[in-house]
Amino acid sequence: MAARSSLPSFCLHRIRSDGRRGAPPSIRASSTGAGNDGGRNEDVDGKEEEEEKEKEKKSEVGRKVMVVADGGGDEARTALQWALSHSVRPCDTVVLLDVVRSVSGGGKDWDDPSRGCQHLETMRSICQAKRPEVRVELSLVEGKERGPAIVEAARKQGVSLLVMGQKKRSITWRLLVMWMTGGKGGGRGTAEYCVQNAACMALAVRRKSRRGGGYLITTRRQRDFWLLA
């Protein structure tokens, strides 16, 4: 009888001990602490990833992309817009170049030197508005002929990509240039000369039409390649 009476009391004791509220809090506390540690680890991992990304950005070698200002006309702005949208990376430097023709006396054919930089400053403002993270440099060189002066400036500054605006030339204009040059020039303008003679990659860019429709790109191997963008 004593053994029988002790059995129910033992079982009841086990049930009561399992039903107490003291044990679970210790387990909850440990689980809560583990959750906090996991959250902290995630924060640390996130910070480390951000630091690695910043280091990668700093380690990227930036290129020099030269855009010929050409007086700040529509063709030059088209070339600049294309370069900023399709070629320039955040770590690159944009060099805005223009050529001032020299006269026979060794001087320059401008009255006020500051006027030669006004359109360059305007194009710099376009760069800063569209791509504020990109560094912009202004360059004004002197030369009797635009084509050779541009090619030489790109070579001296170690440019990786040369971008120029291109006008749509009529057949009559090309025939006239060929006649004036004795057929040696082939009816080519400044942009065509730079594309064929630049040491770096050179592109001539123009709008397909005034209403849009993408760009026509001329390279050393392809002429008027249609890029719909």
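Tutor: Keep in mind that the model is predicted.

Student: What are the elements of the protein, and how do they run from the N terminus on?

Tutor: There are seven helices and seven strands. Starting at the N terminus, their order is α-α-β-α-β-α-β-α-β-α-α-β-β-β.

Student: Why is H3 called roughly parallel to H4?

Tutor: Look at the angle: helix H3 (residues 74-86) and helix H4 (residues 118-130) pack at about 25°. Angles under 35 degrees count as roughly parallel, so H3 is roughly parallel to H4.

Student: What else describes a pair of packed helices, besides the angle between their axes?

Tutor: The distance between the axes also describes them. For H3 and H4, the axes are 11 Å apart, and the crossing is right-handed.

Student: Which residues make the contact between H3 and H4?

Tutor: H3 brings Ala-76, Arg-77, Leu-80, Gln-81, Leu-84 and Ser-85, while H4 brings Thr-122, Met-123, Ile-126, Cys-127 and Lys-130. Sorted by class, this contact holds six nonpolar, three polar and two charged residues.

Student: Why can residues three or four places apart on an α-helix point the same way?

Tutor: An α-helix has 3.6 residues a turn, so residues with that spacing point the same way.

Student: Which residues of helix H5 are buried?

Tutor: In H5 (residues 146-156), the buried ones are Arg-146, Gly-147, Ala-149, Ile-150, Val-151, Ala-153 and Ala-154.

Student: Where is Thr-219 found?

Tutor: Thr-219 sits in the loop between strand E6 (212-218) and strand E7 (225-227).

Student: What makes Thr-219 count as buried or exposed?

Tutor: Its relative accessible area decides: the value for Thr-219 is 16%. Buried means under 20%, so Thr-219 is buried.

Student: Which residues does Thr-219 touch?

Tutor: Leaving out residues up to four places away in sequence, Thr-219 touches Val-195, Gln-196, Met-201, Ala-202 and Leu-203.

Student: What share of the contacts in the protein with a separation of 6 or more comes from residues 24 or more positions apart?

Tutor: Such residues account for 68% of those contacts.

Definitions and conventions. Residues numbered from 1 in each chain as written. Predicted model: local features only at pLDDT ≥ 70, side-chain atom pairs only at ≥ 80, totals over all residues. Heavy atoms only, no water. Axes fitted to C-alpha atoms, helices over the stretch in contact; angles between N-to-C directions. Helix = DSSP H or I, 4+ residues; strand = E, 2+ residues; numbered from the N terminus. Parallel < 35°, antiparallel > 145°, perpendicular 65-115°, else oblique. Left-handed = near helix turned anticlockwise from the far one by under 90°. Contact = heavy atoms within 4.5 Å. Nonpolar A, V, L, I, M, F, W, Y, C, P; charged D, E, K, R; others polar. Buried < 20%, exposed > 50% of the residue type's maximum accessible area, 1.4 Å probe, protein only.
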